[in-house]
Number of protein chains: 2
Amino acid sequence: MKQVVTVKRHALAANEEHAELLRRRFAGSGTLAVNLISSPGSGKTTLLEATLRALRGTVSCAVIEGDVATENDADRIRALGVPAHQILTGGSCHLDARQVARALDEGGIPEVDVLFIENVGNLICPTTYDLGEDFKVVVLSVTEGDDKPVKYPAIFSRAEAAVISKADLLPHVPFDLAAVQARIRSLNPTGTILVASALSGEGIGGWTDLLRTRLAAKRRAGV
Amino acid sequence: MKQVVTVKRHALAANEEHAELLRRRFAGSGTLAVNLISSPGSGKTTLLEATLRALRGTVSCAVIEGDVATENDADRIRALGVPAHQILTGGSCHLDARQVARALDEGGIPEVDVLFIENVGNLICPTTYDLGEDFKVVVLSVTEGDDKPVKYPAIFSRAEAAVISKADLLPHVPFDLAAVQARIRSLNPTGTILVASALSGEGIGGWTDLLRTRLAAKRRAGV
């Protein structure tokens, strides 16, 4: 068991070096890189589709998709005319920085304003793997229950923004929105919490405003 | 990377030894052990609550809960008067056989007819860790989307039963039930697929019938 922990520490240290190279690369191109993390089925890809439609024509975007299997998610993004590369992890439960670098080198991803990295559906393992991103976003759908922040505290502490998704389903599920917001704030007092529905469009404006603001700030800092 | 894979192989081999001891232990006591695996928030604990109510008085049960943090789920089970032990994994993304053995030795879990092991919410990592169970059950809520079996094929191939949960929400979500059933069958032609709602009670009878049938078969085989 101790050996597993040591090897994991080595893997994380190696990842950190590659993440640092990615961070410099994103600084050089002025690209805002966003690492999206959630459970399977919380609606990350559907949120991305709504986001890409809302940003179309004003902010150039690309997407790196991480999944255990299938090109489905990259195909959905490409159908919108947005460049996308699918990383297939086989059995692995998270993306690492080397995979992202390889996707940028070989996956035909152009330099863009905002690069979305949709991580493998998993609330635990992707949390500790830095991908050189500007910030992490955790997506939690209202159908998953309002107890999830306290059950998966690491990602809710580290994500600079939390998007409560599938808000259109709120009338149909037992989900205490005020309680979940308080739980996220107690783990992460300075983070942004957004309530959104990709289907109804609720909250998409606030979310894209956040992205535009962060992109502008990065560009100003880079001057 | 090669080193990580080798160490993981060692960890899995060590786990297999402990799983074999658990399997003998469950055979000795005639206990049916069921390993429940799903994404966070698919409704495993709520399904268990409905199951324990339905089996009350006829089948003795106990529950081992696995979570990264909080005793919440074990507390919910204990509130029904059912023995429960919470394993807190810290950051770990799955239960292993040694943790389950320790829970049985030290967690005050009596010998029962059916032992439910609710794994950490994660569709990937728990798949490869044998807990000495009689069978794995994968729970997929209708809000997670009908593409999940092909995106997470390992667990849908290995689980002897798939429970499609939160069926009460079917009128409100885009989810093709026939398509998801076909996808699961293509991965696992002999598995059982059940459609259930812990809130409405739909499908709970079929699910508890499956448990009773498997328990009776195990007891007959043990004679």
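A crossing of two helices is called right-handed if the near helix is turned clockwise from the far one by less than a right angle. The views below show a predicted model.

**View 1. Helix α2 (residues 44-55) of chain B crosses helix α8 (residues 204-222) of chain B**. The axes of these two helices come within 10 Å and cross at roughly 70°, and since angles of 65 to 115 degrees count as roughly perpendicular, α2(B) and α8(B) are therefore roughly perpendicular to each other. The crossing of α2(B) and α8(B) is right-handed. On the α2(B) side the contact is formed by B:Ala50, B:Thr51, B:Ala54 and B:Leu55, while α8(B) contributes B:Ile204, B:Trp207 and B:Thr208. Sorted by class, the contact of α2(B) with α8(B) comprises five nonpolar and two polar residues, with no charged ones.

**View 2. An open sheet of seven strands in chain A**. The strands follow the order β3-β2-β4-β1-β5-β6-β7, with parallel pairing, and the edges are formed by β3 (84-88) and β7 (192-195) of chain A, each of which pairs on one side only. Direction ignored, neighbouring strands of this sheet are turned by 20° against each other on average.

**View 3. Strands β5 (residues 135-141) and β6 (residues 161-165) of chain A run parallel**. Five bridges join β5(A) to β6(A), and A:Val138 has A:Ala162 as its bridge partner in β6(A). Helix α2 (residues 44-55) of chain A packs on the sheet, where this helix touches β1, β2, β4, β5 and β6 of chain A, and its direction makes about 170° with that of β4(A).

**View 4. Chain A superposed on chain B**. A rotation of 180° with 0.0 Å of shift along its axis brings chain A onto chain B with an RMSD of 0.0 Å, and the two copies are thus related as by a two-fold rotation axis. The same surface serves both copies, as 100% of the contact residues of chain A recur in chain B.

Note on methods
Residues numbered from 1 in each chain as written. Chains lettered and ligands numbered in written order. Predicted model: local features only at pLDDT ≥ 70, side-chain atom pairs only at ≥ 80, totals over all residues. Axes fitted to C-alpha atoms, helices over the stretch in contact; angles between N-to-C directions. Helix = DSSP H or I, 4+ residues; strand = E, 2+ residues; numbered from the N terminus. Parallel < 35°, antiparallel > 145°, perpendicular 65-115°, else oblique. Contact = placed C-beta atoms within 7 Å. Nonpolar A, V, L, I, M, F, W, Y, C, P; charged D, E, K, R; others polar. Least-squares fit on C-alpha atoms with pLDDT ≥ 70 in both. Pairing = 2+ DSSP bridges.
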